[in-house]
2 protein chains.
Amino acid sequence: MRLISYRLNGEMGVGTMVDESSAVALTKVAPDLPRTLKQILELDDGLERVRAAVDGRIADIALDDITLDPVIPDPHAIWALALNFQMHIQETSLTTSAEHPQIFLRTPASQVGHGQSMVCPRPKVAKTYDYEGELAVIIGRGGRYIDEADALDHVAGYACYNEGSVREFQNHNRQFGLGKNFENSGSFGPWMVTADEFGNPSSHTVTTRLNGVEKQHCGFDEMLFSVEQVIRYLSTGYSLRSGDVIVMGTPGALPPGPDYVPEAQDSDRILGRTHMKAGDVVEVEISGIGTLVNPIIASD
Amino acid sequence: MRLISYRLNGEMGVGTMVDESSAVALTKVAPDLPRTLKQILELDDGLERVRAAVDGRIADIALDDITLDPVIPDPHAIWALALNFQMHIQETSLTTSAEHPQIFLRTPASQVGHGQSMVCPRPKVAKTYDYEGELAVIIGRGGRYIDEADALDHVAGYACYNEGSVREFQNHNRQFGLGKNFENSGSFGPWMVTADEFGNPSSHTVTTRLNGVEKQHCGFDEMLFSVEQVIRYLSTGYSLRSGDVIVMGTPGALPPGPDYVPEAQDSDRILGRTHMKAGDVVEVEISGIGTLVNPIIASD
């Protein structure tokens, strides 16, 4: 089951995808369910009630007629991992602990939904605005002190995440801070695929494309810390909540192809990486989920 | 004017303090105002309407009868500064940029209100749970690209913050992550003093006490980055929102007094710092605001 969070005529709604271009609106077939996906996930039987309500229904909304929001527009926390792939550690020359994941937070305002514009900072503010294709894990049933063996039982589903980053600000100081939190700099979608359909995260791959050119491609079996390990780690200090998002880190850049032109402003000198600019289109595709597509626009 | 966020019989409310032990409930004198302080701050004339509504009213709730919540229980973002006082940089031997503030985020779940219990991690999880007395800045009117000259016009008021930190987790990796986000590890209160009454932040001082013993005492004129500078910095990337919180960093530890006993578990070797344990009482007092008091309890 693929669930979307959307707006239609200013009203928020949740729907389930029927095919690649249309969905069933829950407001019509299940008016007694809450209006946000986070609230549905807070119910013990939320996803089961959705499944029962949409069973056999035909699509009643077209994706072209609605605005897709981030899969969870209003999570309590968006936890994100830095340096969770060996190739990304090598290309950045940064160091990270082998024992504990490296964790930072993003704010809800830093993300948009599928098809919405991601915003490139003003050139006077920053010049190195980068894609990061990643797997987003969406918590269903919350909990504290979760064992690795039980961790995946707390996952409601998965989505694509473009963990857009402003490198100059990220490098301003030791904590990433604002560099990972420019307004509308990241993207989260297009939908949540439920955990039962997605299966084992490590059997899937992520591909990032900029203007159609493949820039990242990697299997999640190369993650240094697994979804289970990160859920265990976070829950030692914090009760994970329904709708919380864990973004699992990005792989390295692919080696540049024959057409690659190094950029003058590429001060971080990562071969094969291309910064995003207004007018670009960026895609993050994950096998078993689909493709998150966003145009890049200039900051006003 | 001093505003509180509270709960009474499970209902959220906002009030204004009349004296040290009683308040006027806005639900009664201004039932048309929103029920949360964040929503009141979102109104252009929210604080003026509160002021008019409570003018001349006598107290109708006693602090003893209500539960004080964090001043803003549900901010969109809690931005926090690391290493914003020279004395704290020296005692930690950490480095920080002289040009840009060092910024990280806390989640709403990491904080409690005045009088509520702050939670010490299980000893098997972590042994170094520390107070950090800090100034909390509460945004009134939001905005982007705010000049330093206009920055204080965007501040609704100020409160005390105990930026409770779990050092082992903070030191797990380069990003502070979970170490600054243990559940109920920090505190925010007791109330918001409006900016007009508080005046210039740099004319005030913070004092932290553990079990009545003074552990930190410093003037905000020693902050390396001022409130104005941090508002300008954050707003280059992000539209500050009504109710957002900026926590301005903590000074160093005071030199230990004659009764000081160094702790065996004091692995970070900061002279004069004492870790918090269940049964302790911690206070953060800021001149012009008041004192935020919290008992420490053991994690269940």
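The following exercises, with worked solutions, concern a predicted model of two chains.

Local features in this predicted model require pLDDT of at least 70 and side-chain atom pairs pLDDT 80 or more, whereas totals for chains, interfaces and linings use all residues. Residues are numbered from 1 along each chain as its sequence is written, and chains are lettered from A in the order in which they are written.

**Exercise 1. The relation between the chains**

Task: Determine which rotation and shift superpose chain B on chain A, and describe the contact between the chains.

Solution.
1. Copies are superposed by least squares on the C-alpha atoms of residues with pLDDT of at least 70 in both. Chain B is brought onto chain A by a rotation of 180° with 0.0 Å of shift along the axis, at an RMSD of 0.0 Å. This is therefore the relation of a two-fold axis.
2. Q175(B) is the residue of chain B that comes closest to the rotation axis, with its C-alpha at 2.8 Å.
3. Two residues are in contact if their C-beta atoms, placed from the backbone, lie within 7 Å. The contact draws 31 residues from chain B and 31 residues from chain A. On the side of chain B, strand β7 (residues 102-106) gives the most, with 4 residues; strands (E, at least two residues) and helices (H or I, at least four residues) are DSSP runs numbered from the N terminus.
4. The copies meet through the same surface, because 100% of the interface residues of chain B are also interface residues in chain A.

**Exercise 2. The domains of chain A**

Task: Locate the domains of chain A and state which elements of domain 1 touch domain 2.

Solution.
1. Domain bounds come from an automatic or database domain assignment, which gives domain 1 (2-68) and domain 2 (78-298) in chain A. Their centres, taken over C-alpha atoms, are separated by 26 Å.
2. In chain A, 10 residues of domain 1 are in contact with 13 residues of domain 2. On the domain 1 side, β1 (2-8) and α2 (37-42) of chain A are the elements that give two or more residues, and α2(A) provides the largest share, 4 residues.
3. By class, this side of domain 1 of chain A has 7 nonpolar, no polar and 3 charged residues. Here Ala, Val, Leu, Ile, Met, Phe, Trp, Tyr, Cys and Pro count as nonpolar, Asp, Glu, Lys and Arg as charged, and the others, Gly among them, as polar.

**Exercise 3. Strand pairing in chain B**

Task: Identify the strands that pair with β3(B).

Solution.
1. Two strands pair if DSSP finds at least two bridges between them. Strand β2 (residues 11-17) of chain B pairs with strand β3 (residues 22-25) of chain B in the antiparallel sense over 3 bridges. T16(B) has V24(B) as its bridge partner, and the two strands β2(B) and β3(B) form a hairpin with 4 residues between them.
2. β3(B) also pairs with strand β4 (residues 61-62) of chain B, in the antiparallel sense over 2 bridges. There A23(B) is bridged to I61(B).

**Exercise 4. A buried strand residue**

Task: Decide whether V282(A) is buried or exposed, and list its contacts.

Solution.
1. V282(A) belongs to strand β18 (residues 281-286) of chain A.
2. A residue is buried if 20 or more other C-beta atoms lie within 10 Å of its own, exposed if 12 or fewer, and partly exposed in between, with C-beta atoms placed from the backbone. V282(A) is buried because 22 other C-beta atoms lie within 10 Å.
3. Leaving aside neighbours within four places in sequence, V282(A) is in contact with M118(A), Y131(A), N162(A), L210(A), M276(A), N294(A) and I296(A).
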